[in-house]
Amino acid sequence: MAMWIQAQQLQGEALHQMQALYGQHFPIEVRHYLAQWIECQLWYGFSGVGNPVEEAKAKRLLDNLVSELQRKAQLQGGEDGFLLKIKLGHYANQLKSTYDRCPLELVRCIKHILHSEQRLVQEATNASSGGGGQAMDSLSQRHQQINQSFEELRLAHTENELRKLQHSQEYFIIQYQENMRHPGSLSTLPPAERTQRETALQSKRTTVETWLTREASTLQKYRLDLSEQHQKTLTLLRKQQTLILDEELIQWKRRQQLAGNGGPHEGGLDHLHHREAAPQVLKTQTKFAATVRLLVGGKLNVHMNPPQVKAVIVSEQQAKALLKNESTHSESSGEIHNNNCVMEYHQATGTLSAHFRNMSLKRIKRSDRRGAESVTEEKFTVLFESQFSVGGNELVFHVKTLSLPVVVIVHGSQDNNATATVLWDNAFAEPGRVPFIVPDKVMWPQLCEALDMKYKAEMHSVRGLSEDNMVFLAQKAFTSSSNNPEDFRNVSISWAQFNRESLPGRNFTFWQWFDGVVELMKKHLKPHWNDGAILGFVNKQQAQDMLLSKPNGTFLLRFSDSEIGGITIAWVAENPNKQGERLVWNLLPYTTKDFSIRSLADRISDLNHLLFLYPDRPKDEVFAKYYTLPSVTKAVDGYVKPQIKQVVPEFTTPKSEPSGGTPSFMDQTASPSVSHPSSFGVYPSMSDTMLDAEGDFDLEDTMDVARHVEELLRRPMANQWSSQQS
């Protein structure tokens, strides 16, 4: 409800824009009386394309919304509540009728409303604080400029003027033809009467000819004025076309790219409608979805004869040829199944769109690679083509658009390298570029901004990467020992340093290490990062310096330097072999596999020698809310279920066996431990097919995966920390 409270404080143009979000498709009264319920629902848990599962989820949300409205209506009592009771009941029936057959449209509608409200509130907050809102203010001004131009076009009245001119011309022609008609025979009339009639007819003819001369001059002036007005309208239309197609649409596509890296989802194209790109990492033999929208569909009544859209995948070179109009037909670099879709009109939102729900890339044809370029650096794009007619087939338009660049993989082991290509392209592509040119080298602060955007998006958190975190990453990327952030301000980093060359002494790249951290955090440790419990970006020496100044039992969590997607616990304690000496100990890094067995919070709870999270927070104060509640162990069919608990032998006092002959549960020493880590590795499954549509091996992709497995096989087992190691 907090957002709605803030939205009600908007003033002026912002308040007008907020009110314009509502109407028959979603009444503002529903937003007001169900504000808390609406803001508590998971509207953003939808991918944006329809499938049976999401349709069912959306249907439940619709039914729950209607039920909440009906319940709210029944609670209204007394004379003042009578009309509101009727109104809310009417809205419940109206929403049910509007969205019952298309519940996902309700989800899209409310997502758009909430996003727009949030944007308006943020703009107002930035304006009142006097800073941080320049980019949003600039965007808002451009949208106001677009709306103003459309308003000027609406006020042009050329259609009414043209109709007036047509009516005047028709009347003129009738009068002219009447005047030119020969008088009937007057010979049968008596001479006196004949003379009188001739005089009257001549007088009338003179009057009509005078009127015709004057009217012809007026019509000529009307034509010239209308022609001038048309010229002004065409000039304004060209200006609007340039603003929308050559500037705003290109900038929107650029913001869409940044959204792919975790940037804010830009709703500005709702002024024009919008089109959504396909997923940017495509795996062969795997379904993917996409949605395209025709910007002018609702305005030109194209939905009366809905067009069909075809999707094909093309290479970077083919995309360049298309944009230069060097290719008149659609060449394909692969085979996409279920790649034809008829556009659907959604009356509530006024959009005409095609939802490709079950596309599948069956085969890909790769180009010759340059130098050290790998298959995961090759970019493709999905080309969407259609044609529609207006004016009874008098005008036929052929339209096409390209998706954001995509990278095609055949095996899950290629995903992180493909993601690196996408992130680099999204972050550093220039608006309106030639496909798909991107700089080979960027400044370090630019990359930091992209990594921070990605990290915050994956964590769903405002807590991103701090300046200290950035220094840590710079030290890793450049093999530097400097702790001064200024030393990296003017340093550039190349694509090769980012994800082609391995880090010194390692067999993985900078990006592979960072991506491993992101995946680990996203899957298992997101709440702890958002709570501030994980320092993470701290090296071993820094951890030692920090902990030795704290009491025994103080610990911190840092990411492993030697293992992709690993996190370790470092703590300070007495050296059991040398009285009076204090050491910093490090557990063998945990990975996703470990946390799928037992959570981080439970593992920390198991280790009684861990007392304070650095600098001085009692561990239960930080982690207790995440502990798994102990279950009562009962024998089932004569068997007792064992429990898993982590121990570190050097810091564990052996338990005595309980009395009464009841067997004790063995504490399972879970990997990792300081003394004896697991001695086996986990290698990627090769079960995913690497066959093309004809059943033949794709040699390049097979070799790429083989190289990946070979690297894993060469990779040394995780460091076995000795009990003396700090």
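Reply: The chain of this predicted model holds 21 helices and 19 strands. Of its 726 residues, 43% are buried. Among contacts with a separation of 6 or more, 67% link residues 24 or more positions apart. The accessible surface is about 39,400 Å², and carbon and sulfur atoms contribute 52% of that.

Start with the sheet of 4 strands. The sheet is open, and its order is β5-β3-β8-β9. Pairing is antiparallel. The edges are β5 (340–342) and β9 (395–402), and each of these pairs on one side only. Direction ignored, neighbouring strands here are turned by 25 degrees against each other on average.

Now the pair β3 and β8. Strand β3 covers residues 308–315 and β8 covers residues 380–390. They are joined by 6 bridges in the antiparallel sense. Helix α11 (residues 316–323) lies across β3, β8 and β9. Its direction makes an angle of about 125 degrees with β3.

N338 is not a glycine, yet its phi is positive, about 60 degrees. Most residues other than glycine have a negative phi, and most peptide bonds are trans. N338 is exposed, with a relative accessible area of 52%.

Next, the sheet of 5 strands. This one is open too, in the order β15-β14-β13-β16-β17. Its pairing is mixed. Strands β15 (582–586) and β17 (617–618) stand at the edges with a single partner strand each, so one side of each has no neighbour in the sheet. Helix α17 (residues 540–547) lies across β13 (554–559), β14 (567–574) and β15. The helix runs at about 165 degrees to β13.

F612 stands opposite P618 in β17. The loop between β16 and β17 contains P615. A cis peptide bond joins Y614 to P615, with omega about 5 degrees.

Helix α12 (residues 415–428) packs against helix α16 (residues 510–530) at an angle of about 100 degrees. Their axes are 10 Å apart. The angle makes α12 roughly perpendicular to α16. On α12, the contact uses N416, N417, T419, A420 and L423. On α16, W511, Q512 and D515 take part. By class, the contact residues are 3 nonpolar, 4 polar and 1 charged.

The loop between α12 and β11 (441–443) holds F436. The cis peptide bond joins P435 and F436, and omega is about -25 degrees.

T479 lies between α14 (467–478) and β12 (492–494). This residue is not a glycine, but its phi is positive at about 50 degrees. T479 counts as exposed, at 57% relative accessibility.

Technical notes
Residues numbered from 1 in each chain as written. Predicted model: local features only at pLDDT ≥ 70, side-chain atom pairs only at ≥ 80, totals over all residues. Heavy atoms only, no water. Pairing = 2+ DSSP bridges. Helix = DSSP H or I, 4+ residues; strand = E, 2+ residues; numbered from the N terminus. Contact = heavy atoms within 4.5 Å. Axes fitted to C-alpha atoms, helices over the stretch in contact; angles between N-to-C directions. Buried < 20%, exposed > 50% of the residue type's maximum accessible area, 1.4 Å probe, protein only. Areas by Shrake-Rupley, 256 points an atom, 1.4 Å probe, with all protein chains shown as cover. Parallel < 35°, antiparallel > 145°, perpendicular 65-115°, else oblique. Nonpolar A, V, L, I, M, F, W, Y, C, P; charged D, E, K, R; others polar.
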